[in-house]
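Q: I have a model open and would like to learn how to read its side-chain features. Could you walk me through them?

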Amino acid sequence: MAVLEDGNVRFTGRNNCGQGDITDWQNIRFLRAARDYTVGVTYSGEIWVAGKPPFDLSLIDDRWHGPCDVVATDTHLVALYANGRVRTTQKAKDGSGKDETAGWRRVRAIAAGRDLTIGLCYGGTVLAVGEGIADLQAAADWHHVVAIACGRGFAAALTADGRVRTVGVQMTSIPGRDGIATLTGYKTPDTSRWEDVVAICAGPEHLLGMT
């Protein structure tokens with residue numbers, strides 16, 4: 001996908017879910033995409049969605065207006081605002097139906113994976129919510145964090161001294177005899193020997209660091 005200087009967009013690739021039905025969008029400031037849907041944020045702060053998102057579109061109401069960043073995953077959508085607040089379509093599992101990030105404050109960056117959302121606060125600490133990661137709350141003990149990233153089942157943080165902290169399980173696709181890939185859980189990505197790292201990024205099944 002591409003956003004042109006005039007705010008129009010271009011798309012090429014798989015469109016089996018209508019995720020590419022965006023070529024009539026205008027006034028777009030930035031685009032984000034997951035497997036089956038595309039999200040566009042306009043210069044006026046509106047959030048547009050094309051395709052088949054894994055959440056009810058009625059959740060994206062007026063309270064979502066004007067995000068400065070958005071992360072789209074195969075399970076939920078996350079939005080960050082200039083006042084340090086966060087919104088997500090991921091709801092608490094206690095039956096309350098509350099936004100799991102409703103209490104977050106002073107967040108300056110967000111990252112998300114499957115059923116996982118993390119936020120980097122201005123003080124260098126990390127907030128995290130998610131399912132299926134038993135040790136996720138260990139992220140609350142991270143300090144002096146300058147960047148964050150998420151994979152399918154893990155979260156990573158880059159600290160000011162060039163080290164990388166991780167939590168969760170790295171997932172890898174293993175092709176089966178019938179040609180259908182299955183997901184196999186590996187141990188937490190081992191970054192204990194990484195030093196002098198200045199940037200990190202993650203895909204569903206991998207974590208990269210640049211020295």
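A: Let us start with burial: a residue is buried under 20% relative accessible area, exposed over 50%, and partly exposed in between (1.4 Å probe, protein chains only). Y37 is buried, at a relative accessible area of 1%. This is a predicted model, where local features need pLDDT of at least 70 and side-chain atom pairs count only at pLDDT 80 or more, while totals for chains, interfaces and linings use all residues. Residues are numbered from 1 along each chain as its sequence is written, and side-chain values use heavy atoms, with hydrogens and water left out.

Q: How many aromatic pairs are there?

A: A pair of aromatic rings is described by the distance of the centres and the angle of the planes. Rings of Phe, Tyr and Trp (its six-membered ring) pair if their centres lie within 6.5 Å; planes under 30 degrees apart count as stacked, over 60 as edge-to-face, and the rest as tilted. By this rule there are 2 aromatic pairs. W25 and W48 have ring centres 5.8 Å apart and planes at 75 degrees, so they are edge-to-face.

Q: Where do W25 and W48 sit?

A: For elements, helices (H or I, at least four residues) and strands (E, at least two) are DSSP runs, numbered from the N terminus. W25 is in the loop between strand 2 (9-10) and strand 3, and W48 is in strand 5 (residues 47-51), so the pair links distant parts of the chain, 23 residues apart. W25 is buried at 8% relative accessibility, whereas W48 is partly exposed at 28%. The other pair, Y37 and F55, is edge-to-face, with 5.6 Å centre to centre and 90 degrees between the planes. Here Y37 belongs to strand 4 (residues 37-42) and F55 to the loop between strand 5 and strand 6, 18 residues apart. F55 is buried, with a relative accessible area of 10%.

Q: How many salt bridges does the structure hold?

A: Side chains of opposite charge can pair when their charged atoms come close. A salt bridge is a side-chain nitrogen of Lys or Arg within 4 Å of a carboxyl oxygen of Asp or Glu. The structure holds 6 of them. One of these joins D69 and R32 at 2.9 Å, N to O. D69 lies in strand 6 (residues 69-72) and R32 in strand 3 (residues 28-33), so this bridge ties together parts that are 37 residues apart in sequence. D69 is partly exposed at 21% relative accessibility, and R32 is partly exposed at 29%.

Q: Which residue forms a salt bridge with R63?

A: That is D61, with the closest N and O atoms 2.7 Å apart. R63 is exposed, with a relative accessible area of 57%. Salt bridges that share partners also join R14, R35 and D36 into one network.

Q: Which residues have the most contacts inside the largest nonpolar core?

A: In soluble globular proteins, nonpolar side chains tend to be buried together. A nonpolar core is a set of buried Ala, Val, Leu, Ile, Met, Phe, Trp, Tyr and Cys residues joined through side-chain atoms within 4.5 Å. The largest one has 16 residues, and those with the most contacts inside it are L116, I118, V126, W142, V145 and I148. Strand 10 (116-121), strand 11 (126-130), strand 12 (145-150) and strand 13 (154-159) each give two or more residues to this core. Apart from it lies another core of 14 residues, among them V39, F55, V70 and A79.
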